[in-house]
Amino acid sequence: MKHFTMAELTASATARAKGLDNTPTAQHRANIEMSVAQVLDPLREAWTVKCANNPGWGSPAIRVSSGYRGFALNIAVGGSATSAHCVGFAFDLVPGNGRLADFKRFCRDWLKGRPFDQMISEDEDAAGTPRWVHIGYKNRQGGQRRQLLTMRNGKYYPMTA
């Protein structure tokens with residue numbers, strides 16, 4: 001893992017506050033490492049180039065706002081019962097430079113032709129700017145549906161822009 005650490009991919013303020021152990025199993029750790037190698041590290045490297053080619057965009061850092069969530073933590077945060085976060089295949093990302101609309105477009109374009117399960121532009125405002133971008137490498141069964149979704153007002157729609 002070049003750009004992400006296991007500590008940041010498994011960190012959770014909720015787990016700490018509730019005394020929940022969020023240590024991944026050996027299989028979930030392997031899934032996290034696979035997801036980083038196949039998606040997160042290459043995405044970060046491409047985002048670095050995109051930021052460098054756009055003066056004024058600032059840091060290409062990507063913060064993981066929610067990564068691995070063991071089953072107890074997933075329940076505690078109100079996550080989906082089928083969440084790929086629970087097995088180490090999904091991550092919620094926020095660009096360090098705050099350019100969420102640009103990051104959303106970048107991720108959508110970058111994922112074209114690549115294997116992935118879901119990209120969800122989460123909790124979008126009226127302008128289509130998300131609060132974070134969910135990237136799932138595989139679903140819990142290991143499938144890759146290549147879904148591009150938008151979530152507004154708690155409802156999911158096919159991504160159109």
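How many nonpolar, polar and charged residues does the lining of the largest pocket have? The legends below take the sheet, its helices and then this pocket. The model is predicted, so local features need pLDDT of at least 70 and side-chain atom pairs pLDDT 80 or more, while totals for chains, interfaces and linings use all residues. Residues are numbered from 1 along each chain as its sequence is written, and side-chain values use heavy atoms, without hydrogens and water.

**View 1. An open, mixed sheet of 6 strands.** The strand order is S1-S2-S4-S3-S5-S6. Strands are DSSP runs of E, at least two residues; helices are runs of H or I, at least four. Pairing takes at least two DSSP bridges.

**View 2. S2 against S4.** S2 (residues 90-95) and S4 (residues 132-136) run antiparallel, joined by 4 bridges. Phe91 has Ile135 in S4 as its bridge partner.

**View 3. Helix H3 on the sheet.** H3 (residues 26-52) lies across S1, S2 and S4, at about 20 degrees to S2. Angles, from 0 to 180 degrees, compare N-to-C directions of axes fitted to C-alpha atoms, for helices over the stretch in contact; contact means heavy atoms within 4.5 Å.

**View 4. The largest pocket.** Its lining counts 32 residues; Arg69, Gly79, Ser80, Ser83 and His85 lie nearest the centre. S3 gives the most, 3 residues. A pocket is an open set of 1 Å grid points where a 1.4 Å probe fits, with protein on both sides within 12 Å along at least five of seven lines; lining residues have an atom within 4 Å of a point. The lining has 11 nonpolar, 15 polar (Gly among them) and 6 charged residues (Asp, Glu, Lys and Arg count as charged).
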